[in-house]
Amino acid sequence: FQYLPSVPSIIPIDYIMASKKAATTALQTLTNIGGKRKGADDESASKKKLKSHDRTMSTEKAKRVLADTESKLKVQNKIIRDKQKEIRELKKQLQAAEDCVTKAKRAKARLESQNTQAVSMVNSDSDLIFQKVEAEKTSTYSYDVGGTCRNAMEDMILLGDEANILRLAVCIRDLGKGAALKVALVPLLATLKEQQQPSVDLIKALRELYLPLLRGAEKINDCKIWPLVASAINFASNDQTGGFDAIICAEDYMLLSERVFVAAKEMKEANPVSYVRYNASEGNCPIIDVLLPAYKAITGGDIGSAAKANLLQVIKTYLLESISEPIEGPVTHAMPEEAEIAGKNGFPDVQSFLLSPSETTLRLNLSKAGRMSVHRLIDYKMGYGKLDHSSEGSGRGRVLVLRKTTGEQLERMNKKKERKQKHTEMLYILFSLTPHMVCISLPPPDTKLGISIGYN
């Protein structure tokens, strides 16, 4: 009622109208105030609802965010666990690697120690090898200098010190013995053939061994040594193996051919003894056993071509001489003069054997005294070399075997015939000849078996 005006004692119309207006205004005011409050309440309720809804929406959103965060955390935790596992594995590997490094360092230290010991042992062994070879220089009786040098070279090759191998080759060279040079050359040459790129020291060692064989005046009876020397020169002349200058190797080839000529000539001029089985050189042929192997062994290309041509020319000359050489053989195996001696001394069986033109062997079953009497008959009364006699068997089965030397001569003649046939075939093959290009005429029967040769 504060909005109502005060009521006067006399209420004029204007006053009433004014009061009505004021009342109406007041009522409107009250009405507005109530409506405003109601609206305010509604607005407050709406705001509360909005706030509640916002809170509800915020909670759900927070739950979703929390769920996403938890999911991401799970993923991150899994990644972390995997990384931790990797780190643990890497730590184990690192520890294993550190252990391996430690073991390797220890092994390296042991190897260095062993290597030091091995080097010391090698040096010691090398000194022993040199001492053995040096001892051969002052030795009065050297029964196996070749074996000593061969073993020394093989041992030095096993040690693998190439500088010492060269020193050893010089030491063996200074011995001045052909047998030592040859046997030391064999293992060294075999070692060089196994290597793709031998060192210069090994090739020098090879030449130190074969060069004295070419230049020395010492007679070498072993015909197998010259193909070996030819192989050594082939190796030394090979550019791919770091060989010597071509001029040096060509000179070595010429020295080889000269020594081969001398060896072949000596074998050709050698006079065989009466007993074939006691003659070491019997059956050797200067062409087949000396000239041809050396010729085939030279593979030095242009460097060795001159020496090879010289050898081929000598081979041709020797072949022609061999084919045209007459072959003499006994007409009969009878020995009448020796048979008469046997008959006068009371050996009828021996007498009959010596008179036979075909028998060459007789076996006598005699006592020891009987065998000794036959020995004396042959060696002292007939003359040494007329009959070959030897005892075979033992005890009561021991017999004395007599062989006529004419039988050995026949055997030698047959060997010469075989050799002549081989030489004829070689002549055809080496010089590309055919049989119709060579005219061979045989002498009449019952004469010396000589042939003459000519060319169409």
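Which residue is the bridge partner of His389 in strand 3? In this predicted model, the bridge partner of His389 is Leu402, which belongs to strand 3.

Strand 2, covering residues 387–392, and strand 3, covering residues 399–404, pair in the antiparallel sense over six bridges. Another residue with a bridge partner in strand 3 is Glu392, whose partner there is Val399. The hairpin of strand 2 and strand 3 has six residues between the strands, and in this hairpin Gly393 takes a positive phi near 85 degrees. The open sheet has three strands in the order 1-3-2, and the pairing is antiparallel. Its edge strands are strand 1 (361–364) and strand 2, each of which pairs on one side only, and from one strand to the next the twist averages 20 degrees.

Two helices pack on this sheet. Helix 11, which spans residues 348–355, touches strand 1, strand 2 and strand 3, and its direction makes about 170 degrees with that of strand 1. Helix 12 likewise packs on the sheet and touches strand 1, strand 2 and strand 3, with a direction that makes about 160 degrees with that of strand 2. Lys368 lies in helix 12, which comprises residues 368–382. Because its relative accessible area is 63%, Lys368 is classed as exposed. The C-alpha atom of Lys368 is separated by 9.9 Å from that of Gly395, although the two residues are 27 residues apart along the chain.

Elsewhere in the chain, helix 5 (residues 200–215) packs with helix 7 (residues 246–269) at an angle of about 45 degrees, and the axes of the two helices are 9 Å apart. Helix 5 is therefore oblique to helix 7, and helix 5 passes helix 7 in a left-handed crossing. On the side of helix 5, the contact is made by Arg207, Tyr210, Leu211, Leu213, Leu214 and Arg215, while helix 7 contributes Ile248, Asp252, Leu255, Leu256 and Arg259. The residues of this contact between helix 5 and helix 7 divide into seven nonpolar and four charged, with no polar residues.

A further residue, Ser322, is placed in helix 9, which runs over residues 305–324. Ser322 counts as buried because its relative accessibility is 14%. When neighbours within four places in sequence are left aside, Ser322 is in contact with Lys420 and His423.

Methods
Residues are numbered from 1 along each chain as its sequence is written. This is a predicted model: local features need pLDDT of at least 70, side-chain atom pairs count only at pLDDT 80 or more; totals for chains, interfaces and linings use all residues. Side-chain values use heavy atoms; hydrogens and water are left out. Axes are lines fitted to C-alpha atoms, for helices over the stretch in contact, and angles run from 0 to 180 degrees between N-to-C directions. Helices (H or I, at least four residues) and strands (E, at least two) are DSSP runs, numbered from the N terminus. Angles under 35 degrees count as roughly parallel, over 145 as roughly antiparallel, 65 to 115 as roughly perpendicular and the rest as oblique. A crossing is left-handed if the near helix is turned anticlockwise from the far one by less than a right angle, and right-handed if clockwise. Contact means heavy atoms within 4.5 Å. Ala, Val, Leu, Ile, Met, Phe, Trp, Tyr, Cys and Pro count as nonpolar, Asp, Glu, Lys and Arg as charged, and the others, Gly among them, as polar. Buried means under 20% relative accessible area, exposed over 50%, partly exposed in between (1.4 Å probe, protein chains only). Two strands pair if DSSP finds at least two bridges between them.
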